[in-house]
Amino acid sequence: MTDLPEGVDRRSFDGTQRLATQGQPVYGEPTDGEWRLWDAGRSKLGAMLELDMDISLSGGESVLYLGAASGTTVSHVADFAGPTYAVEFAPRPVRDLVGVAEARPNLFPLLKDARKPETYAHIVERDLDFLVQDVATRGQARVAVDNAQFLADDGLLCLAVKARSEDVTADPEAVFEGVREALVDAYHVVDSQRLEPFHDDHLGIVATKH
Amino acid sequence: MTDDTDAAAAGWFAGLDAVDTEAASRTIREASAAEPADWPRLAVEAGFVDSEADYYNQLHKATIHSTRAAARAREQADDKQLLHAVRAMDDATRTANELAERLSEWAGTLFDDQPTGIEGARRLADREPKSPLEARVISLADRVDGLATEADELGTFIERQAPDIAPNLSEMAGPVLAARLIALAGGLESLAKKPSGTVQVLGAEDALFAHLAGRGSSPKHGIIYTHEYVSGTRPEDRGSAARAFAGKLSIAARIDHYSGKFKPEIHDELDERMSTIRARAGAASEGAEQ
């Protein structure tokens with residue numbers, strides 16, 4: 001079992017051990033003292049940690065998060081990580097994301113398109129430790145490869161692949177295989193697992209930059 | 001270190017004063033760089049900030065300010081307002097109808113010959129209550145009346161706004177259907193970028209995905225069915241009509257998004273195409289008579 005990064009812990013909520021981080025609550029999630037529940041059903045990265053995937057983080061990492069949406073997951077990441085850049089393309093969720101970021105001095109929200117890294121390369125620093133990607137667009141592997149420029153060598157990638165974003169009619173397994181192959185351009189895949197029961201038709205991939 | 005000076009020139013903080021959040025906000029939104037660099041270190045070396053901790057403070061202030069402004073600007077783009085208006089209109093209509101049903105169930109126990117629907121609610125709202133119970137029912141009728149009126153006014157608003165935002169699309173489809181198409185596509189730009197085959201079945205996603213999964217035939221039309229060009233054409237020719245209509249609608253959306261000028265030619269072309277398609281029905285019935 002991989003150790004959880006510092007700042008993430010399993011706490012008891014309603015009698016079950018579930019992930020939690022310390023920080024200001026975001027959407028009315030249950031809390032246990034200073035700890036707030038990190039719901040794996042609402043967060044693909046949460047599901048990947050809950051499934052004990054091989055994610056070696058120790059806490060305090062610098063992070064680029066692509067597809068931050070309204071900031072549910074990225075708020076937990078910012079609770080245990082260092083400087084965290086959150087990129088989201090849709091304006092409506094960004095309104096909420098900015099609210100989440102206001103209370104977290106290490107979280108930097110950006111209204112940018114993850115498919116166009118040049119539009120935020122003047123803001124996001126290089127040699128980051130950790131890249132998280134959860135974008136529902138076609139060409140998810142391409143996005144991960146294009147954004148590898150922000151990662152340090154051996155930097156870690158956690159990628160949630162949504163089969164239906166690539167092709168609604170294709171067999172999810174075939175889509176996942178295509179993504180794993182396309183990642184080879186920039187990454188070495190360490191672990192990959194389906195995210196059921198937390199998320200249907202999603203694959204979690206852990207990889208390091210080579 | 002000239003290399004680093006050059007490199008720093010590509011950063012969001014280049015040439016800025018640390019206190020000028022407005023200017024920083026603009027470069028964050030508009031500038032770009034070929035590749036990332038060690039911005040915190042470069043910013044300290046360039047004298048923009050005293051320490052990396054200070055750098056992150058400035059970055060936090062600037063990104064919050066910039067991103068909030070950028071999101072607000074994008075959300076206020078006119079086609080997005082139209083999208084909210086049409087969704088609000090549909091919600092108001094649906095809710096008014098649901099409440100009107102509840103109301104006629106209830107009012108039927110109190111009054112004889114109570115008419116149903118929105119009209120019934122409006123008539124009921126004018127009555128004078130004679131008991132606390134009647135007062136509740138009549139007050140509810142008043143809300144239904146208010147909601148239905150709001151839906152009508154939203155419709156009027158859409159009819160006035162849509163031609164400004166999408167002149168060709170509104171002329172061709174009518175303002176309300178134009179607004180619905182924009183809402184279904186998620187904006188005028190996304191509608192302009194969709195192939196006409198997608199425009200043809202917008203609003204028929206359930207049927208389309210059932211078809212793609214191997215159940216059922218492919219839908220011939222989505223929301224565009226509400227237009228007379230499609231619904232008024234005989235069933236055998238509806239596929240052709242929907243295809244022709246959707247094709248011209250995507251062209252109209254593209255003109256509206258990329259140029260914004262009214263172009264009468266495309267409307268004439270569509271009219272001509274529609275009469276050709278409808279002439280088939282005439283030809284078929286003449287053939288049957290002979």
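Two strands pair if DSSP finds at least two bridges between them; strands are DSSP runs of E, at least two residues, and helices are runs of H or I, at least four, both numbered from the N terminus. The structure is a predicted model, in which local features need pLDDT of at least 70 and side-chain atom pairs count only at pLDDT 80 or more, while totals for chains, interfaces and linings use all residues. Residues are numbered from 1 along each chain as its sequence is written, and chains are lettered from A and ligands numbered from 1 in the order in which they are written.

Chain A holds an open sheet of 7 strands in the order β7-β6-β5-β8-β9-β11-β10, with mixed pairing. Its edge strands are β7 and β10 (187-194), each pairing on one side only. On average, neighbouring strands of this sheet are turned by 15° against each other, direction ignored; axes are lines fitted to C-alpha atoms, for helices over the stretch in contact, and angles run from 0 to 180 degrees between N-to-C directions. Strands β5 (residues 63-66) and β6 (residues 84-88) of chain A pair in the parallel sense over 4 bridges, and A:Leu66 has A:Val87 in β6(A) as its bridge partner. Helix α6 (residues 172-183) of chain A lies across β9 (151-162), β10 and β11 (202-209) of chain A, at about 160° to β10(A).

Is A:Pro109 buried or exposed? A:Pro109 is buried, because 31 other C-beta atoms lie within 10 Å; the term requires 20 or more, whereas exposed means 12 or fewer and partly exposed is in between, with C-beta atoms placed from the backbone. Beyond its neighbours within four places in sequence, A:Pro109 is in contact (C-beta atoms, placed from the backbone, within 7 Å) with residues of both chains, including A:Ala86, A:Val98, B:Thr63 and B:Ile64. A:Val98 is 11 residues from A:Pro109 in sequence and 6.1 Å away, C-alpha to C-alpha.

A:Ala86 also belongs to the largest nonpolar core, of 89 residues, where A:Tyr65 and A:Ala86 touch the most other members. Such a core is a set of buried Ala, Val, Leu, Ile, Met, Phe, Trp, Tyr and Cys residues joined through C-beta atoms within 7 Å. β9(A) gives the most to this core, with 7 residues.

The contact between the chains takes 28 residues from chain B and 27 residues from chain A. On the side of chain B that touches chain A, α4(B) provides the largest share, 12 residues.

Technical notes. Two residues are in contact if their C-beta atoms, placed from the backbone, lie within 7 Å.
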